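Open the model in your viewer and keep the selection panel at hand. The tour goes stop by stop, with something to select at each one.

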Amino acid sequence: MTETLNALLSGFAVALTPINLLWGVIGVTLGTAVGVLPGVGPALTVAMLLPLTVKIDPTGALIMFAGIYYGAMYGGSTTTILLNTPGESASIATALEGNKMAKRGRAGPALATAAIGSFVAGSISVVLLTLLAPIVVELALRFSPADYFALMVFAFVTVAAVLGSSTVRGLTTLFIGLLLGLVGIDETTGQMRFAFGVPELLDGIDVVVLAVGLFAVGEALYGAAYQSRIKDQLERMSGSLMMTRDDWRRSWPAWLRATAIGFPFGTIPAGGAEIPTFLSYATEKKLSKHPEEFGHGAIEGVAGPEAANNASSTGVLVPLLTLGIPTSATAAILLAAFQNYGIQPGPLLFQTQSSLVWGLIASLYIGNVLLLVLNLPLIGLWVKVLTIPKPWLYGGILVFATLGAYSLHQSATDLITLYVFGLLGFAMRRWGFPVAPAVIGLILGPLAETQFRRALSISQGDPSVFITQPISASLLALTAALIIVPWLLRLRRRNARRAP
Amino acid sequence: MARAAGARAELALSLGVLALGLFALTTALNLPSAGGYSGIGPNAIPVAVSGALVALGAWLLVEVFTGGWRARISDDPLERGEHAFNTPAFAWVSVGLLAQMVLIHRAGFVLAAAVVFTCVARGFGSARPARDAMIGLVLGLVVFLFFVKFLNVGLPAGWLAPVLGGAGI
């Protein structure tokens, strides 16, 4: 306990140096801006900046990336409430009530409860992260390669098959990501795989090109094709930001409940903040003394989901930092950022890069405060950002997207690959294939293969190692249950319907 | 009508996944299988992954012929709150990106950025290309100077090299 406190204090010493504080401010500002802008998300922003930040020291760069990750959560609520275009699935629940409040002239309190709720949930979650991380690290140090492999399989299955509307389409995207991850030179044997003698493919497919292609180019193609002639209805930011006494009384229990729902969901590799936000929405609707207001702008319906969103996005950092397992697209890109510096997140990170990782955690405390300061008084400024016309917005996005992809290797070939992934992203968006599993597969796939082969090397090729070790066995059993149980339930429901 | 076109697209995509899987599988089967202590070689995971893709392609195909993909996205744009596929818009964005590939090493980053900005803006319905080009040019210039001077990231100066001096590569 004291050890954790000391580590955290030295982390604050790192995060509060002027240069790191500056990176933090840049990160949260940029993050808020991209969160506000429809069509740009944190995953895309970090991906675009990856090649450009290799010359910055890792602590500063990662503090900035964490700020972007965080800031985007805050900024996203502004867009959702005023524009009713949830930028990501985790904001859909907020849109239900938030936009209704804005339509009734209560945009101010809606934005305020979202920002303050995010601050409360974010701060509590960072404390939980601080307390939980050392415990998970202790546990993870005992993990064998077989256990790691089982954990990664669990993450793959939850992200691809359990979430999302269609299991088969989620798995298809995952395996396309895994296949892309195999391209290049095999680290263990030096064997070339799927490179077809193309020199550019020997280094493998870069996550920057894939993520920017799917998120930026794919989105731009889709937006141009299907949405470019739609006029968006921007709600006016009128009236005061102040929440009434009644608003406060109704908001704070929702914030706390949402934190309790969101954080655990983030920490288990179940990816995404979508489920906890909807759970929080449903909980608030059930517990509310004014259930009739839901659907017409109930403040609890904004306070809860926004807080849950933030809590779960902090929770995601627990498996990312302590186990090296990303459970969302943004987390996968953050993992790639670590790898860019030759750092592998995982339990050892807390020993070998203690000042970096604790500096990063301390920066989250600071980031939450910065964001509250940045968001409430400056809300008018962020609303202005929303009025950028779509043609310029997407023009700008693609300038930065191509810049990011090009500056990887100063190669125009990467721009061709970028466009191909853009077409893929368009098709995935149009026909309902989730994007995150592809990015996670590309990043986590090679790590999973390494652990798999390491486990088999230790066991001298005996595959039973995965089911005889208790941790690995239980994780694999849990994974199997995740697939089989919903399937059985569906089967039973269908049979029940058939019976008279 | 919309459904028939949707079913065709689903069929094409399912066959695409199947073909990708089969192609990857034949490639993977030609990889060496020798593998030291672990008993598995560099081909094991590629075979497993491409095998899975074949199976998923087949699964998608089965769904096509048993009532269409499950939980599919509506084929009617209006139902999705969108408008019908706008071919010129899609084409303008594509043209911008393709032009940039061609231009970036010849004309340089700044001019290529102006072109991609203008084309994409056109795709999103802007009717004033001259104004867009000016904005794109300024944006490209600012980004160029920031990254080259401040972050030391090399970007090609191209035709503007005489103006930009030794700033680029």
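Begin in chain A with α7(A) and helix α8 (residues 167-182): their axes come within 7 Å and cross at roughly 130 degrees. That angle makes α7(A) oblique to α8(A). Bear in mind throughout that this is a predicted model.

Now show the side chains at this crossing. From α7(A), select Phe156(A), Ala160(A) and Ala161(A); they meet Thr167(A), Gly170(A), Leu171(A), Leu174(A) and Leu178(A) in α8(A). Sorted by class, this contact has six nonpolar and two polar residues, and no charged ones.

Next, the aromatic rings. How many aromatic pairs does a search of the whole structure find? The count is 20, over all chains. A pair of rings is described by the distance of the centres and the angle of the planes.

Select Phe149(A) and Phe452(A). Their ring centres lie 4.8 Å apart, with 50 degrees between the planes, and the pair is tilted. Trace the chain between them: Phe149(A) sits in helix α7 (residues 145-162), Phe452(A) in helix α21 (residues 436-458), and 303 residues separate the two. Buried or exposed? Phe149(A) has 16% relative accessibility, so Phe149(A) counts as buried, the cut-off being under 20%. Phe452(A) is buried too, at 17%.

Move to chain B and pick Phe146(B) and Phe147(B). Here the centres are 5.4 Å apart and the planes stand at 85 degrees, so this pair is edge-to-face. Colour the two by accessibility. Phe146(B) is partly exposed, with a relative accessible area of 40%. Phe147(B) is buried, at 5%.

Then select Tyr222(A), Tyr226(A), Phe426(A), Phe85(B) and Phe90(B) together. Ring pairs link these residues into a cluster.

Show helix α20 (residues 412-430) of chain A and helix α3 (residues 87-103) of chain B. They pack at an angle of about 160 degrees, with axes 9 Å apart. Because angles over 145 degrees count as roughly antiparallel, α20(A) is roughly antiparallel to α3(B). Their crossing is right-handed.

By class, the contact of α20(A) with α3(B) has ten nonpolar residues, two polar and no charged ones.

Technical notes
Residues are numbered from 1 along each chain as its sequence is written. Chains are lettered from A and ligands numbered from 1 in the order in which they are written. This is a predicted model: local features need pLDDT of at least 70, side-chain atom pairs count only at pLDDT 80 or more; totals for chains, interfaces and linings use all residues. Side-chain values use heavy atoms; hydrogens and water are left out. Axes are lines fitted to C-alpha atoms, for helices over the stretch in contact, and angles run from 0 to 180 degrees between N-to-C directions. Helices (H or I, at least four residues) and strands (E, at least two) are DSSP runs, numbered from the N terminus. Angles under 35 degrees count as roughly parallel, over 145 as roughly antiparallel, 65 to 115 as roughly perpendicular and the rest as oblique. A crossing is left-handed if the near helix is turned anticlockwise from the far one by less than a right angle, and right-handed if clockwise. Ala, Val, Leu, Ile, Met, Phe, Trp, Tyr, Cys and Pro count as nonpolar, Asp, Glu, Lys and Arg as charged, and the others, Gly among them, as polar. Rings of Phe, Tyr and Trp (its six-membered ring) pair if their centres lie within 6.5 Å; planes under 30 degrees apart count as stacked, over 60 as edge-to-face and the rest as tilted. Buried means under 20% relative accessible area, exposed over 50%, partly exposed in between (1.4 Å probe, protein chains only). Contact means heavy atoms within 4.5 Å.
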